[in-house]
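Here is a short report for a first look. Please keep the sequence and the 3D view at hand.

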Amino acid sequence: MKVLPSKLLLSLATAGFALASGAAHAEIIRTGDSSGYWGIDVDANGTSDLQFNQYSSSGWYWSDYDLYAVGLNGAVVSAGGPLAFGNAIDANTLFASSNHMADYASWTTFYSCGYRGNSTCSRSHSTFTGTWNNGSNAVTGYLGFALSNGDDKFYGWANVTMNYWGSAYVHGTAMETCANVAITAGQTTTSCAPVVVPPAEEVPEPASLALLAAGAIGIGAMRRRRAVKG
């Protein structure tokens, strides 16, 4: 019995995804730490797949910070809040082209106060409306993503820590290299087994066919000679 890569793995290799030479099974690709602001090449094919864009603006008495996770070159990212360790990332996951993870705004208002309103008082305000915002607390979790190759999807995760004002740090990423196979957040070993293919029937080469034909002709001639002698 000969062990060969699955059809899905072969289609992945022809798409230019970086796989170990001679690998007979799928494997998960992991990258090192990255801030992600210039893009992360998850599948190591030379093209960025994920990017984290932070925007900030401010005035005399206000400021606003935003963080977006963006899928590049056809990739999509999970919508909503952070995924927990062990959450499945597959065709049932809600994906979008981008995720507004942090939306932190603060401002100060002034009003008259004190005796007969002769003094000026101020009050500070803030809002946290991003999908990952948790008040003024830092958040660590998993962002799911899916890469496309024709009709096939390749699922993966990015482990991210985000401060409330939208500064993100990506601890690492992983991707299942078998098409349309789910991965769980934090998973670092593949769940896609190799395909065992039985050996094909051997087909005689043209030279062998010629020898077989010559042998058949010879046997026929011998039988005719015996019939004449009888």
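## Confidence and cores

The chain has a mean pLDDT of 78, and 69% of its residues reach 70 or more. pLDDT is the predictor's confidence in each residue, from 0 to 100. This is a predicted model: local features need pLDDT of at least 70, side-chain atom pairs count only at 80 or more, and totals for chains, interfaces and linings use all residues. Residues are numbered from 1 along each chain as its sequence is written, and side-chain values use heavy atoms, without hydrogens and water.

The largest nonpolar core holds 24 residues. Such a core is a set of buried Ala, Val, Leu, Ile, Met, Phe, Trp, Tyr and Cys residues joined through side-chain atoms within 4.5 Å. Buried means under 20% relative accessible area, exposed over 50%, partly exposed in between (1.4 Å probe, protein chains only). Phe-52, Met-101 and Val-160 have the most contacts inside this core. Strands E3 (50-58) and E8 (98-113) are among those that each supply at least two of its residues. A second, separate core has 10 residues, including Leu-83 and Trp-157.

Val-160 is in contact (heavy atoms within 4.5 Å) with Phe-52, Met-101 and Trp-132, among others, leaving aside neighbours within four places in sequence.

Gly-81 touches Thr-131 and Trp-132, not counting residues up to four places away in sequence. Gly-81 and Asn-133 lie 52 residues apart in sequence and 8.3 Å apart in space, C-alpha to C-alpha.

Methods
Helix = DSSP H or I, 4+ residues; strand = E, 2+ residues; numbered from the N terminus.
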